[in-house]
Amino acid sequence: MHKWKAKAGVFLAVTFVTAGILGAAQPATGIPTEVIQLTQFGPALGVAAVALLWPSPVRALLAGAWPGGRAEGLSAGPSAGPSARPGGRPGPGGRPGRAGRALPLLATALLITALSAGTYALATGDAHATDPRSLDHPFALIVVAQLIGACGEEIGWRCFLQPLLRTRFGPLTVSTSIGAVWGVWHVQVFAQAPAYAAGFLLGTVAMSVVLGLGLERVRANRLPLAGGFHTLINLGMLLFMDEESGAVLPMVLFGAACLVAAGPWVWRTPAARIPAMAHSAR
């Protein structure tokens, strides 16, 4: 069995099982789900389990040393594409560095919220907005906890699994596949109406495409970028949407907004046409 398949299998198995255990245990802890959901740490535990079995390869993936890849700002030979200058500034004709990726990614998260909330308001005639001061817990605490929880997820999905699979497949294939698994991992959505689950899955796949293409060739600081995007999405849904009630319309509109927001990334990002990275180990 190829080692990349074994690593992916162990990661997914531990991620799904531990998320279920953490979700079942949360009521006993007294930690409110509005602040943080313990299931979000399933992917982090999945990475930890793989690291126990293959410590060096996992460290390399998390550090950005992909086989055939390069660290942002460092030259890695002609196959790596145009090199970037230190600090994330692109060289002549080069790709944008970290700073050039952060703003579009975070702006896309805000765009998704604006599209979702705006169309929901037009469809219902009611602008659903929650005053942060009306929440049961301090909003600053919620923001920090949401960022921690988002990073607990993204260290698995975008910092480990994405680069692992990118050594074998192209960015669109990897991003859509991870988005589908990411959506199925939220197994509780399947207790809702089929249209609700379909809207949610559309959203996770589209967001995964945005993150996959937005982080393509970014090796350092992937976690804060992915975690920041994820946090903005979660906060936007908390404050401006009503999908937690199980209502179908807001979730369908959210999925559609994610799809619209992903379109420009697919259209404008050359990474969408980049094949799998070269690899040297199975």
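This is a predicted model: local features need pLDDT of at least 70, side-chain atom pairs count only at pLDDT 80 or more; totals for chains, interfaces and linings use all residues.
Colleague: Among contacts between residues at least 6 apart in sequence, what share join residues at least 24 apart?

Modeller: That share is 77%. Leu-115 sits in helix 4, residues 98–124, and it touches Ala-257 and Val-260, leaving aside residues up to four places away in sequence.

Colleague: Is Leu-115 buried or exposed, or something in between?

Modeller: Burial is judged from relative accessible area: under 20% is buried, over 50% is exposed, and between those is partly exposed. Leu-115 has 28%, so it is partly exposed.

Colleague: Let's turn to helix packing. At what angle do helix 2 and helix 5 pack?

Modeller: For a helix pair, read two things together: the angle between the axes and the distance separating them. Helix 2 (residues 42–53) and helix 5 (residues 139–166) pack at about 55°, with axes 6 Å apart. Helix 2 is therefore oblique to helix 5.

Colleague: Which residues make that contact?

Modeller: From helix 2 come Pro-43, Ala-44, Val-47 and Val-50, and from helix 5 come Gly-152, Glu-153, Ile-155, Gly-156, Trp-157 and Phe-160. Sorted by class, the contact of helix 2 with helix 5 has 7 nonpolar, 2 polar and 1 charged residues.

Colleague: How do helix 3 and helix 5 cross?

Modeller: The axes of helix 3 (residues 55–63) and helix 5 come within 9 Å and cross at roughly 105°. An angle from 65 to 115 degrees counts as roughly perpendicular, and these two helices are therefore described that way. Helix 3 brings Val-58, Leu-61 and Leu-62 to the contact, and helix 5 brings Ile-155, Cys-159, Phe-160, Pro-163 and Leu-164. By class, the contact of helix 3 with helix 5 has 8 nonpolar residues, with no polar and no charged ones.

Colleague: I see Cys-159 in that list. How many disulfides does a search of the whole structure find?

Modeller: The search finds 0 disulfides. The thing to check is the distance between sulfurs, and a disulfide needs them within 2.5 Å. For Cys-159, the closest cysteine sulfur is that of Cys-151 at 8.1 Å, which is too far for a bond. Both cysteines count as buried: Cys-151 has 18% relative accessibility, and Cys-159 has 5%.

Colleague: Where is Gln-162, and is it buried or exposed?

Modeller: Gln-162 belongs to helix 5. Its relative accessibility is 1%, so Gln-162 counts as buried. To see its surroundings, list its contacts without residues up to four places away in sequence: Trp-157, Pro-171, Val-174, Ser-175, Ile-178, Gly-212 and Arg-222.

Colleague: Ser-175 is on that list. What does Ser-175 touch?

Modeller: With the same exclusion of sequence neighbours, Ser-175 touches Gln-162, Ser-208, Val-209, Gly-212 and Leu-213. Ser-175 is found in helix 6, residues 171–185, and its relative accessible area is 0%, so it is buried. A polar atom of the Ser-175 side chain lies 2.7 Å from the backbone oxygen of Pro-171.

Key. Residues are numbered from 1 along each chain as its sequence is written. Side-chain values use heavy atoms; hydrogens and water are left out. Helices (H or I, at least four residues) and strands (E, at least two) are DSSP runs, numbered from the N terminus. Buried means under 20% relative accessible area, exposed over 50%, partly exposed in between (1.4 Å probe, protein chains only). A polar contact is a pair of N or O atoms within 3.5 Å; within protein, one must be able to donate a hydrogen and the other to accept it, and residues adjacent in sequence count only if both atoms are side-chain atoms. Contact means heavy atoms within 4.5 Å. Axes are lines fitted to C-alpha atoms, for helices over the stretch in contact, and angles run from 0 to 180 degrees between N-to-C directions. Angles under 35 degrees count as roughly parallel, over 145 as roughly antiparallel, 65 to 115 as roughly perpendicular and the rest as oblique. Ala, Val, Leu, Ile, Met, Phe, Trp, Tyr, Cys and Pro count as nonpolar, Asp, Glu, Lys and Arg as charged, and the others, Gly among them, as polar.
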